[in-house]
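Hello,

Here is the structure we talked about. Please open it alongside this note and follow the residues as you read.

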Amino acid sequence: MVKIPSSELTPEPVYLSRRAFLGGAGALSAAALLAACGTERFVSGTTTAGPGATAGLTDELGDPANSLDQITNYNNYYEFTTDKEGVARLAKGFTTSPWEVSVGGLVAQPRTFGFEDLLALEQEERIYRLRCVEAWSMVIPWLGFPLSRLLALVEPRPEAKFVRFETVYRPEEMPGQRDRHYPWPYVEGLRLDEAMHDLAIVATGIYGHALTPQNGAPLRLVVPWKYGFKSIKAIVKIDLVETMPVSLWMALAPMEYGFYANVNPDVTHPRWSQASERRIGTRARRPTLPFNGYAEQVAPLYAGMDLRQHY
Ligand code: MTE
């Protein structure tokens, strides 16, 4: 497993972009960042206790957060490599600043946002379980904002039914994108009502730090009730559309990776059971929870749908 010294956990481009943001983007955005990072929990989870310590953070079920070391050294990011323990090394130095995200399609106010514009939105901590379709999981303290807030700024038109997300295409920096086996760029999608749900966030940080490149810097989606592949990294384009987007995984293996991909212990992956999972950092398997433990909040989104049919 590749270890990163703590001194390198905030790579220079990210560090510099934060500095630029703090120095140049005005008091309002600086205040927003400080408000987000200044809580006792962030201080104890990062500065005082240092990377690797979870500082007593737990999810709402009482399970401890994974360490920063675990979260940043076991990753899925096929644009770099399919080797989970090799992503950190290959993604180090990936250019994350400047960064722009265009949000358009079926909206009244299409707009291109600089990353600084998004940092100016109020950032909050969300401690979520991340359940990979490969049956491992982690608990991650994200920093970010509800996706619904970003979508509200562009005013979706009534015809908009789905949201389509696209990752940056930069094969010169992302060696995995030179592999023509995959239909790059990485694409994901949500139904509009899923995207508007408060649990769906755009993440900009982990443990109060800027996101590391291997975790999707500078911004990625986090949809905690769905398998991790829905939580697309390094987003540059968001479009409101009328028809269901075809994700990279649907194009590649539609029988294995459906559009909905809600965590479901009863729907077996064609090649393995989803009934249990392994929490990274532990050996024992634990039962998979319907909707990854968020059923109370999100099950109403699927009322009347057969979730075996609509995997
Ligand atoms: N986004 C992009 N662009 N490329 C990827 O390969 N992998 C997905 C998702 N987002 C992936 C991606 C998968 S399969 C998972 S489980 C999560 O990212 C892993 O996120 P993490 O590395 O931050 O834990």
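**A buried asparagine**

N66 is buried, because its relative accessible area is 4% and the cut-off for buried is under 20%. Please bear in mind that the model is predicted. N66 sits in the loop that runs between α3 (40-48) and α4 (68-71). Its side chain has a partner. The side chains of N66 and Q70 make a polar contact of 2.8 Å.

**The largest pocket**

The largest pocket holds about 440 Å³. Its lining is made up of 28 residues, and N76, Y77, Y186, G228 and F229 are the closest to the pocket centre. Which strand gives the most to this lining? Strand β4 (residues 136-146) does, with 4 residues. By type, the lining has 17 nonpolar residues, 6 polar ones and 5 charged ones.

**The ligand**

Now the ligand. There are 16 residues around the ligand, and the closest are N75, Y78, E79, S231 and K233.

- N75: an N or O atom of its side chain lies 2.9 Å from an oxygen atom of the ligand.
- E79: an N or O atom of its side chain lies 2.8 Å from a nitrogen atom of the ligand.
- S231: here a backbone N or O atom is 2.9 Å from a nitrogen atom of the ligand.

How much of the ligand does the protein bury? Taken alone, the ligand exposes 540 Å², and the protein buries 98% of that.

**Two cis peptide bonds**

Check the backbone at two prolines. S97 and P98 are joined by a cis peptide bond, with omega at about 0°. P98 lies in the loop between α5 (87-91) and β1 (100-105).

A cis peptide bond also joins A217 and P218, where omega is about 5°. P218 belongs to the loop between β8 (209-210) and β9 (220-222).

I235 has a relative accessible area of 2%, so it counts as buried.

**Positive phi angles**

For Y207 the angle is about 50°. Y207 is in the loop between β7 (201-206) and β8. Is Y207 buried or exposed? Y207 is buried, since its relative accessible area is 2%.

For A234, phi is about 45°, and this residue is not a glycine either. A234 is placed in the loop between β9 and β10 (235-241). Its relative accessibility is 0%, so A234 counts as buried.

N215 is buried, because its relative accessible area is 3%. What lies 3.0 Å from a polar atom of the N215 side chain? The backbone oxygen of I71 does.

Is E122 buried or exposed? E122 is exposed, because its relative accessible area is 54% and the cut-off for exposed is over 50%. Look for E122 in the loop between α6 (115-119) and β3 (124-131). E122 and R149 are 27 residues apart along the chain, and their C-alpha atoms are separated by 9.8 Å.

P245 lies in the loop between β10 and α9 (248-252). With 6% relative accessibility, P245 counts as buried. P245 and E188 are 57 residues apart along the chain, yet 7.2 Å separates their C-alpha atoms.

**Where to begin**

Find N75, E79 and S231, which are among the closest residues to the ligand. Finish at Y207 with its positive phi.

Best wishes

Definitions and conventions:
Residues are numbered from 1 along each chain as its sequence is written. This is a predicted model: local features need pLDDT of at least 70, side-chain atom pairs count only at pLDDT 80 or more; totals for chains, interfaces and linings use all residues. Side-chain values use heavy atoms; hydrogens and water are left out. Helices (H or I, at least four residues) and strands (E, at least two) are DSSP runs, numbered from the N terminus. Buried means under 20% relative accessible area, exposed over 50%, partly exposed in between (1.4 Å probe, protein chains only). A polar contact is a pair of N or O atoms within 3.5 Å; within protein, one must be able to donate a hydrogen and the other to accept it, and residues adjacent in sequence count only if both atoms are side-chain atoms. On a 1 Å grid over the protein atoms alone, a cavity is a set of points where a 1.4 Å probe fits but cannot get out, and a pocket is an open set with protein on both sides within 12 Å along at least five of seven lines; lining residues have an atom within 4 Å of a point. Grid points are joined across faces, edges and corners, and a volume is the space filled by probe spheres set on the points. Ala, Val, Leu, Ile, Met, Phe, Trp, Tyr, Cys and Pro count as nonpolar, Asp, Glu, Lys and Arg as charged, and the others, Gly among them, as polar. A residue is near a molecule or strand if one of its heavy atoms lies within 4 Å of it. Accessible areas come from the Shrake-Rupley method with a 1.4 Å probe; for residues, only the protein chains shown count as cover.
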